Amino acid sequence: MRNLKSTTLLFELSQPGRRGATLPACDVPAPPIGELLPADALAAGPPPLPEVAEPEVIRHFTNLSTLNMSVDTHFYPLGSCTMKYNSKRNERMAGLPGMADLHPLAPEETIQGLLQLLFELQQMLAEISGLPCVSLQPAAGAHGELAALMVAAAYYRHHKLGRTKVLAPDSAHGTNPASARMAGFDFVTVKSRGDGMVDLEDLQSKLDDQIAVFMITNPSTLGLFDRQVPRIAELVHERGGLIYLDGANMNAILGITRPGDFGADMMHYNPHKTFSGPHGGGGPGAGPICVAEKLGPFLPTPIVERRDDRFILAHDRPQSIGRVRSFFGNVGVLVRAYCYIRTHGPDGLKAVAENAVLNANYLLSRVKHILPVPHGERCMHEFVATAAPLKKRSGVTAMDLAKRLLDYGFHAPTVYFPLTVPEAMMIEPTETESKETLDAFAEVLFRITEESPELLHEAPHSTIISRPDEVRAARQHVLKWTPDGSGSAEVSR
């Protein structure tokens, strides 16, 4: 039965006079509000907020939370997203008053402990990447991509080189072309071979004196490590270009190899993927970038530096691209990443990667008999299976399988990406899942493929919303509640 307390809106629960708290009368002289604020800042009347007692509010949101999936409650095999369990220890450290209660404009002499933490984090990220210069300022992975490409653009401007093109493989994350265009470059796609690796002949045909950056995700979204990357870097560097490493999949190579060692000049991290920060819900996030020495002067400011016996936020960098984020960025996420790295240490980070790869290969071995895996018998941190033969045989699609998994208590894998694999299901178990969980997931997936197509076409059957029109939902937002239920697609300005 549908839980009305969790699906009824707070506005619909509203009753006149209901309160969560009653404040005492003001016991000091209170001048009229019109004397405190200008007339154009005053509303004609109080906002029509819902009137709800505290128990109703608590029950509403608590019940609402039980309808959602989370990493704390379910297995999330979302390929490319690296939805590993978030350690509560790191949450507690980031929530300490000395961290959480700091004001972003606090004087430097009062936040020396935090600045030391951030300085050490810069050093650790530099060591892990093999790239010595670091900015912690970007607010997300895609933002880090954009910032790094802006650094590249500043580098070419400084050297009076009019480079215009950014290249990336056809299996790249969709943020790669978007970041390139936003940074002012033209974007060119490089083909992949049948085995999922970069087609070197196609790459060479597109390398000219306009090449600025070649962006590569390695390991790739197919879960493969392209062993050609040193040769790719050599070809790009010969033409005066730079290599950008999309660090989305660093979870697979921590402590094993470093992007700077196999030719990368720039990269970003996703702390929510690699270093177990909270994931989803729109943020906040972080996207630190690491670059080679020659690109360091162009990094966003401020950078945390150590001068004599104190730490400072250094702004005196004349070639910098300037700020890309207000204040210093999302420091709470960076604190979590620092705690994660310090907790694991060098050997622990290597073990993270080894176990992520082990789990992915174990699950691949269980799934390939159910859904074919076109690109190899082995993978790195994730693999891409295909439901194309199943669709051809019975009409059941990757989306049908993904929706039906929800009924069994598993979040769906990433579907229909990368676009190079038809009916793609990109599966990433991460290192935090047990063998028992992986076995249960494989067994459920097998069971689902044996169910009737009619049942699967209508799945999920246990959720309040089954299959919304996602395109319409994205294009025709209902952003304002109205008493008659009509809603509105307009946002007040």
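Buried means under 20% relative accessible area, exposed over 50%, and partly exposed in between, with a 1.4 Å probe and protein chains only. The model is predicted: local features need pLDDT of at least 70, side-chain atom pairs count only at pLDDT 80 or more, and totals for chains, interfaces and linings use all residues. Residues are numbered from 1 along each chain as its sequence is written, and side-chain values use heavy atoms, leaving out hydrogens and water.

Start by selecting residues 141-158, helix H8 (helices are DSSP runs of H or I with at least four residues, strands runs of E with at least two, numbered from the N terminus). Of its 18 residues, 13 are buried, so H8 is largely enclosed by the rest of the structure. Step on to Lys160, which follows H8 and has a positive phi, near 55 degrees.

Next, show the open sheet of three strands, ordered E10-E12-E11 with antiparallel pairing (two strands pair if DSSP finds at least two bridges between them). Its edge strands are E10 (383-386) and E11 (414-415), each pairing on one side only. Four bridges join E10 to E12 (residues 424-427); Val384 has Met426 in E12 as its bridge partner.

Now pick Arg19 and Glu51, whose side chains form a salt bridge at 2.7 Å, N to O (a side-chain nitrogen of Lys or Arg within 4 Å of a carboxyl oxygen of Asp or Glu). The two residues are 32 apart and link distant parts of the chain. Arg19 is partly exposed at 49% relative accessibility, and Glu51 is partly exposed at 25%.

Finish in helix H15 (residues 398-407), where Arg404 and Asp407 lie three residues apart. Their side chains meet in a salt bridge of 2.8 Å, N to O. Arg404 counts as buried, at 12% relative accessibility.

Methods:
Expected span 1.5 Å × (residues − 1).
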